[in-house]
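Please look over the sequence and the structure shown below before reading the notes.

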Amino acid sequence: MLACLLQLCYYSVAVIAVGVLLGIIVLLCKTKPYPNIVRHKDEETFLDPKTIKNVDFPSIEEPPTLELSVIVPAYNEEKRLPTMLDECLAFLEEKSKKDSTFTYEVIIVSDGSSDATVSVALKYSKQFGAEKVRVMELVENRGKGGAVRLGVLSARGRQLLFADADGATKFPDYDKLAEALNALAPEWRNDGLAVGSRAHLEDESIASRSFIRTVLMHGFHMLVWLFAVRSVRDTQCGFKLFTRSTARKLFASLHVQRWAFDVELLFIAERLKLPMAEVAVRWTEIDGSKLSPFWSWLQMGMDLVMIWVRYLVGAWRIAAIQKKEN
């Protein structure tokens, strides 16, 4: 009887091992090691509302010509976008008046929106000028990560900030991130990133959340720590600042285009041992979120496990490491 049980266990382990091996082979054969970044012709230009002409976006591979580029991904955000842009642009205008060396641009990336997001954004471009506010209209929905990446690839700044369109994070907290990043990387050619964080608000958020949402939040945080990122407590805050050099490295290897893209970005940063700072920011929950707590966190949980697996078996690779090895 014991011999039969041992034999059954042996065969079970063998079947599992073969299944795992076949899974790895499929991943290696079917998955491209580096992302295939698709950009349609219409996404390579922006409209200048004053001249009514389309102008080519620059490339992040070119030298910077501004201090700060703000990337705002927006999917059907006609209602929430104006509040965010009003605060953002008022702050940036005031800062540029006080410091003549501070120059900026805001790139609003409409991620295949079906509402009036583009029209709303173009009003700001007309008001402030296309030198300061540019609108990228994606012809199809890419996901938040895909939208942020295409905005980053078209940015002119020495530093690049991506900020959510809902305005949940108080934009003046940019100064706190910039101070932390400048301490890590004084020049744009240096590597570094400053990550906005709501971790200090966790106790308060638990008190106002349902039991199920609290369990989901802690479960997701545990999975992030186990499989992906250990040096940052809050990976999902939509307020992150990069040097131009770091943005080039991270977004060249970003595979995940939807909600879990933040996790992969920070996972790559940890693998590259890039200097990082987590900075507490002010944050307020804004109505109108596109996320369903259960299904979105379940999807993100599955994504981050797959991030870990694909990098572990070599199905996904980091371009910066490959360049260094070559």
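## Briefing on side-chain contacts

Arg-80 and Glu-77 form a salt bridge, with their closest N and O atoms 2.8 Å apart; the term denotes a side-chain nitrogen of Lys or Arg within 4 Å of a carboxyl oxygen of Asp or Glu. The structure is a predicted model, in which local features need pLDDT of at least 70 and side-chain atom pairs count only at pLDDT 80 or more, while totals for chains, interfaces and linings use all residues. Residues are numbered from 1 along each chain as its sequence is written, and side-chain values use heavy atoms, with hydrogens and water left out.

**Salt bridges**

- The whole structure contains 14 salt bridges.
- Arg-80 is buried at 13% relative accessible area, and Glu-77 is buried at 8%; buried means under 20%, exposed over 50% and partly exposed in between, with a 1.4 Å probe and protein chains only.
- Lys-132 and Glu-93 meet through their side chains in a salt bridge of 2.7 Å, N to O. Lys-132 lies in the loop between helix H3 (117-128) and strand E5 (133-137), and Glu-93 lies in helix H2 (residues 81-98), so the pair ties together parts 39 residues apart in sequence. Helices (H or I, at least four residues) and strands (E, at least two) are DSSP runs numbered from the N terminus.
- Lys-132 is partly exposed at 28%, whereas Glu-93 is buried at 17%.
- A salt bridge of 3.8 Å, N to O, joins the side chains of Lys-41 and Glu-44. Lys-41 is exposed at 66%, and Glu-44 is partly exposed at 31%.
- A network of salt bridges links Glu-105, Glu-131, Arg-134 and Arg-156.

**Aromatic pairs**

- Twelve aromatic pairs are found in the whole structure. Rings of Phe, Tyr and Trp (its six-membered ring) pair if their centres lie within 6.5 Å; planes under 30 degrees apart count as stacked, over 60 as edge-to-face and the rest as tilted.
- Phe-162 and Phe-242 are stacked, at 6.4 Å centre to centre and 20° between the planes. This pair links distant parts of the chain, with Phe-162 in strand E6 (residues 157-163) and Phe-242 in strand E8 (residues 239-243), 80 residues apart.
- Phe-162 is buried at 1%, and Phe-242 is buried at 2%.
- Phe-171 and Phe-239 are edge-to-face, at 5.8 Å centre to centre and 85° between the planes. Phe-171 is in the loop between E6 and helix H5 (174-184) and Phe-239 is in strand E8, 68 residues apart.
- A cluster of ring pairs links Phe-91, Phe-102, Tyr-104, Phe-171, Tyr-174 and Phe-239.

**Charges over rings**

- The charged end of Arg-230 sits over the ring of Trp-225, 4.0 Å from its centre. A charge sits over a ring if NZ of Lys or CZ of Arg is within 6 Å of the ring centre and within 35 degrees of the ring normal.
- Arg-198 lies over the face of Trp-283, 5.1 Å from the ring centre.
- Trp-225 lies in helix H7 (residues 211-227) and is partly exposed at 45%.

**Helix H9 and cysteines**

- Helix H9 (residues 261-271) is mostly covered, with nine of its eleven residues buried; among them are Phe-261, Leu-265 and Phe-267.
- The search finds zero disulfides, a disulfide being a pair of cysteine sulfur atoms within 2.5 Å.
- Cys-88 and Cys-237 are each buried, at 0% relative accessibility.
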